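Okay, thanks for coming, everyone.

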Amino acid sequence: ELDQPGAAVLHLQTELNKTCGVTRSILRIIKNSHNYEHHVISLGGDALDRFEGYNYKIINAGRNSPFGTMNIFFTILHYIRQNNIQIIHAHHRYFDLLSFLLKGFTSVKTVTTIHSKVYKKKFFSYKSDKIIVVSNAIKQHLMKNFNINPSDIDLIHNFADKDEIQITKNKKEIFSEIGLKPGTPLLGYFGRLDIKEKGVDILLDALERVADKIPSVFLILAGNGIDENKLRETALKKKLPV
């Protein structure tokens, strides 16, 4: 029902930031689904230059106030009517709710992609026609904490765009820079260092088990977050190769 080639799709995201995985996902969807006319609306961010040449609009209003939300709602409603938007693709729970309310004023179809785990506000959450999750863990989370029927959830993993990958160093240079012998089993985690939402503690537990069997294994954690110090202390305490 949502698969309408040539349809105008409006992506909604709170902020478009350079270090935001959601921002990257939106860009990859736009670049790799040419059968649709894509539009993007956000409330700001530091990666707006990456959307130059695309149909995008910034709404300068705060979503945490009733007045700001009303401003955002009516601005989006006007944009939908002006640009004949047929599908709203929300990438944040705030916009999932607004999309549900906008359906009362337009004939748009709605889809929400859930990129991470959130909690509470069950009554106001995930009312789109279609729900997309980027991992099975999030699917299980929605079924358990929001009582969403599994038949209403589609699992579509995030993907990498080969055209975005630029090789700047060969393996030998990388291993030398880190101080490892060539051929050492090297693992990598790139993202927010958050135990509750990202489960990086589970990764360290797994590394501890693997290191007993493969002593030369090495893990690189690249990122920052609220649990950075806690993870660092755990790695030092257990003498993990991190």
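So, to start: is Lys169 buried, exposed or partly exposed? Lys169 is partly exposed, with a relative accessible area of 38%. Here buried means under 20% relative accessible area, exposed means over 50%, and partly exposed is in between, with a 1.4 Å probe and protein chains only.

Before I go on, some housekeeping. This is a predicted model, so local features need pLDDT of at least 70 and side-chain atom pairs count only at pLDDT 80 or more, while totals for chains, interfaces and linings use all residues. Residues are numbered from 1 along each chain as its sequence is written, and side-chain values use heavy atoms, with hydrogens and water left out.

Back to Lys169. Its side chain meets that of Glu177 in a salt bridge, 2.4 Å from N to O. By salt bridge I mean a side-chain nitrogen of Lys or Arg within 4 Å of a carboxyl oxygen of Asp or Glu. Glu177 is exposed, at 59% relative accessible area.

The structure holds eight salt bridges. One of them joins Asp129 to Lys103, with the closest N and O atoms 2.7 Å apart. This pair links distant parts of the chain, 26 residues apart: Asp129 sits in the loop between strand 5 and strand 6, and Lys103 in the loop between helix 3 and strand 5. When I say helix or strand, those are DSSP runs numbered from the N terminus: H or I and at least four residues for helices, E and at least two for strands. Asp129 counts as partly exposed at 38% relative accessibility, and Lys103 does too, at 30%.

Then there's Lys130 with Asp154, a salt bridge at 3.9 Å, N to O. Again distant parts of the chain are linked: Lys130 is in strand 6 and Asp154 in strand 7 (residues 153-155), 24 residues apart. Lys130 is partly exposed at 25% relative accessibility, and so is Asp154 at 34%. There is also a network of salt bridges linking Asp205, Glu208 and Lys238.

Now, strand 5, residues 109-114. Five of its six residues are buried, so the strand is largely enclosed by the rest of the structure. What are its neighbours? Strand 4 (residues 87-90) runs parallel to strand 5, joined by four bridges. Strands count as paired if DSSP finds at least two bridges between them. Ala90 has Thr112 of strand 5 as its bridge partner. To get from strand 4 to strand 5, the chain passes through helix 3 (residues 93-102), and this β-α-β crossover is right-handed: with the strands pointing away from you, the path from the first strand over the helix to the second runs clockwise. Strand 6 (residues 130-133) is also parallel to strand 5, with four bridges between them, and Ile114 stands opposite Val133 of strand 6.

Last stop, the lining of a pocket. Which element gives the most to the lining of the second largest pocket? Helix 1 does, with three residues. Strand 1 (8-13), helix 1 (21-32), strand 4, strand 5 and strand 6 each give two or more. By class, the lining has 10 nonpolar, nine polar and four charged residues. In that scheme Ala, Val, Leu, Ile, Met, Phe, Trp, Tyr, Cys and Pro are nonpolar, Asp, Glu, Lys and Arg are charged, and the others, Gly among them, are polar.
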